[in-house]
Amino acid sequence: MAKNNLVTPFLKWVGGKRQIMSSIVDLLPKDINKLNYVEPFIGGGALLFHLQPKKAVINDFNAELINVYKVIKNNLDELIIDLQKHKNEAEYFYKLRSLDRTEEYQKLSNIQRASRIIYLNKTCFNGLYRVNNAGEFNAPFGRYKNPNIVNAPTLKAVNKYLNSNKIDLITGDYADILNNTTKSSFIYLDPPYHPLTEGSSFTGYVQGGWNIYDQIRLREVCDELDKKGIKFLLSNSSTDFIKDQYSAYEINIVKANRSINSNGEKRGEVEEVLIRNYGNDKK
Ligand SMILES: C[S@@+](CC[C@H](N)C(=O)[O-])C[C@H]1O[C@@H](n2cnc3c(N)ncnc32)[C@H](O)[C@@H]1O
């Protein structure tokens, strides 16, 4: 089936890959169409939706995010009806945002929870999913004039893609799904990035964030994949620490324009790395 251009990320997510997409595509293994696509840190899913593989395993530690994917797949009509109920008003925003601090949250259906995440993502400041250490959504109201809360064409296209292909949706730690992969898989890894400087961190969107020990654990998992002959491509920030960790592999440096402070107001060009354990001669 031909690719559908409407199949695109339905949420704005920290570390979205659109800017470095063409560099990633250039570095994919040449036999990618023969391999099962595995993306353990799916986030907004930019590469998955760009490639639209027929068979894929996607995972994220963020259960609320994976619930949104599942509801788009299984309950699209109810989701669209629920999204239409939302109001782009500060008072309404803060009321809905505060739900995860109350017992009422447990009573919400999967559809209502997914609808809430999409609404908050479209109307909050900078449109990012951000939670505090207790896992509570804490981004402020964004005051946008016309946020696209009910993006029906994209949601319908994503629903069709997820239902007409074999896409497994999983929530858990990346290492658990990688334990079961074989040489017939290709793994794209887009973990929380190692911060460029002390205090600048892009990791506020996942409870706890990632420290250097988390980065080292991931490199060890990559070493295991490599030993098993499983191809992987990994993106991260271009810091000495990351380049040192992966010095045994092919490293390409690419440039991206990103928010470079914690509230996302200041933007600048930053270097990122694409690391892989295979050649990319496109024969
Ligand atoms: C950089 S984002 C991915 C961005 C995404 N590729 C995109 O294009 O929008 C990293 C993701 O890793 C997830 N994550 C953090 N720790 C994880 C873990 N231990 N296992 C699996 N996913 C994790 C976060 O919830 C987040 O969605």
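1. Arginine 113 is partly exposed, because 18 other C-beta atoms lie within 10 Å; on this scale a residue is buried if 20 or more other C-beta atoms lie within 10 Å of its own, exposed if 12 or fewer, and partly exposed in between, with C-beta atoms placed from the backbone. Arginine 113 has its place in helix α6, which covers residues 110–123, where helices (H or I, at least four residues) and strands (E, at least two) are DSSP runs numbered from the N terminus. Between arginine 113 and leucine 11 there are 102 residues in sequence and 14 Å in space, C-alpha to C-alpha.

2. The model is a predicted one, in which local features need pLDDT of at least 70 and side-chain atom pairs count only at pLDDT 80 or more, while totals for chains, interfaces and linings use all residues. Residues are numbered from 1 along each chain as its sequence is written.

3. Helix α6 also holds asparagine 110, which counts as partly exposed because it has 15 C-beta neighbours inside 10 Å. Asparagine 110 and lysine 70 are 40 residues apart in sequence, and their C-alpha atoms are 8.9 Å apart in space.

4. As for the overall division, the chain falls into domain 1 (18–63 + 157–276) and domain 2 (69–152), with bounds that come from an automatic or database domain assignment. The centres of domain 1 and domain 2, taken over C-alpha atoms, are separated by 25 Å.

5. The ligand is surrounded by 20 residues, and the closest of them are Gly15, Phe41, Gly43, Gly44 and Phe61; a residue is near a molecule or strand if its C-beta atom, placed from the backbone, lies within 6 Å of it. The shell around the ligand is made up of 10 nonpolar, 6 polar and 4 charged residues, where Ala, Val, Leu, Ile, Met, Phe, Trp, Tyr, Cys and Pro count as nonpolar, Asp, Glu, Lys and Arg as charged, and the others, Gly among them, as polar.

6. Strand β1 (residues 36–39) pairs with β2 in the parallel sense over 3 bridges, and two strands are said to pair if DSSP finds at least two bridges between them. Within this pairing, tyrosine 37 has alanine 56 of β2 as its bridge partner. Strand β2 is largely enclosed by the rest of the structure, because 5 of its 6 residues are buried.

7. Phenylalanine 186 has lysine 231 as its bridge partner in β5. Strand β5 (residues 231–237) is mostly covered, with 6 of its 7 residues buried.

8. Helix α9 (residues 212–227) has 16 residues, which at 1.5 Å a residue should span 22 Å, and this agrees with the 23 Å between its end C-alpha atoms; the expected span is 1.5 Å times one less than the number of residues in the helix. The buried residues of α9 are Gln215, Leu218 and Cys222. These residues cover an arc of only 60 degrees around the axis, which puts them on the same side of α9, the arc being that of the directions from the helix axis to the C-beta atoms. An α-helix has 3.6 residues a turn, so residues three or four places apart point the same way. On the other side of α9, the exposed residues are Tyr213, Ile216, Glu220, Glu224 and Lys227.

9. Glutamine 52, in the loop between α2 (46–51) and β2 (55–60), has a positive phi near 50 degrees, and it counts as partly exposed because 17 C-beta neighbours lie inside 10 Å. Arginine 143, in the loop between α6 and α7 (152–164), has a positive phi near 55 degrees, and it is partly exposed, with 13 other C-beta atoms within 10 Å.

10. Around helix α8, aspartate 173 lies in the loop between β3 (166–171) and α8 (174–179) and counts as exposed, because it has 11 C-beta neighbours inside 10 Å. Aspartate 173 and tyrosine 144 are 29 residues apart in sequence, with 35 Å between their C-alpha atoms. Asparagine 179, found in helix α8 itself, is exposed, with 9 other C-beta atoms within 10 Å. Asparagine 179 and valine 221 are 42 residues apart in sequence and 9.0 Å apart in space, C-alpha to C-alpha.
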